[in-house]
Amino acid sequence: MDVQLENEVSRSPEDLTLKAKSSHRMHYEAQVEVIRRQLGDLDEIRGKLGLSQRKICQLLMVDPSAWTRWMKNGDSAPPHIYRALQWYAILREKLPGLTPQYFIGKDPEVLHQAALQRIQIESQKRGEFEEAFSMQSLQLENKLQELLSANQKLMESKVALEAQVQDLKAAVLHNRLGFFLIAIGGLILSFSVYWNFLR
């Protein structure tokens, strides 16, 4: 047996963990931490996806004993497991009809067609909702235009009424002056008639 291989075999697990990590390994572990913050630990992710331990192992194509080992060792799954779960979570968000059965079912073509049907129905519902929403938006916009037009007409009527009020005020003032002059003229006339009468 090679001396280097003998040394590797004779090392304890503690010695192996103390071995210097490569920059790639440290980078992957940092990405795993980011995914854990986003999605939670392995068991939380499994719960969010609504999968049993057996189903998530089928989805990830790993032996159930590996999952049990990862759980015992405090989420010590390889980085690619976290990445696969992250991708699956993103796929489920983008394609709401996608279920684990699509990946772990016995007849992928049938499941593929069923998933496509669900996605098509979901897309149709979204299209109908968007169409109804745009119709309501258009109706609201038309009502708003009508209200703005009515408001503009009210403002124009107000300006016209204010102009008529000013005209009426001017007419009243003019009529008062005319009445005053007529009254003065009447007094002068009656005074002169009275004066002539007294003579």
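View 1. Aspartate 43 is partly exposed, at 35% relative accessible area. In this predicted model, its side chain meets that of arginine 46 in a salt bridge, 3.0 Å from N to O. The two residues are three apart in helix H4, so about one helical turn separates them. In general, side chains of opposite charge can pair when their charged atoms come close.

View 2. Arginine 25 pairs with glutamate 29, with 3.2 Å between the closest N and O atoms. They sit four residues apart in H3, about one helical turn. Arginine 25 is partly exposed at 39%. Glutamate 29 is partly exposed too, at 26%. Glutamate 33 and arginine 36 form another salt bridge, 2.8 Å from N to O. Here the spacing is three residues, again about one helical turn. Glutamate 33 has a relative accessible area of 33%; arginine 36 has 24%. The count of salt bridges comes to four.

**View 3. The two faces of helix H3.** H3 covers residues 23-39, and its 17 residues should span 24 Å at 1.5 Å a residue. The end C-alpha atoms are 24 Å apart, which agrees. Val32, Ile35 and Leu39 are buried in H3. Down the helix axis, the buried residues fall within an arc of 65°, so they line one face. Their cover includes helix H4 (42-49) and helix H7 (79-94). The face turned away from the buried side carries exposed Ser23 and Arg37. Just after H3, glycine 40 takes a positive phi of about 100°.

View 4. Glutamine 86 lies in helix H7. With a relative accessible area of 13%, this residue is buried. Leaving out residues up to four places away in sequence, glutamine 86 touches Ile35, Gln38 and Leu39.

**View 5. The largest nonpolar core.** This core has 21 residues. Those with the most contacts inside it are Leu42, Ile56, Leu60, Trp67, Trp70, Ile81 and Leu85. Two or more residues come from each of H3, H4, helix H5 (53-60), helix H6 (64-72) and H7. Beyond residues up to four places away in sequence, isoleucine 56 touches Arg46, Leu51, Trp67 and Leu85.

**View 6. Glutamine 113 in helix H9.** Glutamine 113 is found in helix H9, residues 108-198. At 41% relative accessibility, glutamine 113 counts as partly exposed. Tyrosine 102 is eleven residues from glutamine 113 in sequence. Their C-alpha atoms are 9.4 Å apart.

How values were computed:
Residues numbered from 1 in each chain as written. Predicted model: local features only at pLDDT ≥ 70, side-chain atom pairs only at ≥ 80, totals over all residues. Heavy atoms only, no water. Expected span 1.5 Å × (residues − 1). Buried < 20%, exposed > 50% of the residue type's maximum accessible area, 1.4 Å probe, protein only. Arc of directions from axis to C-beta. Contact = heavy atoms within 4.5 Å. Core = buried A, V, L, I, M, F, W, Y, C linked by side-chain atoms within 4.5 Å.
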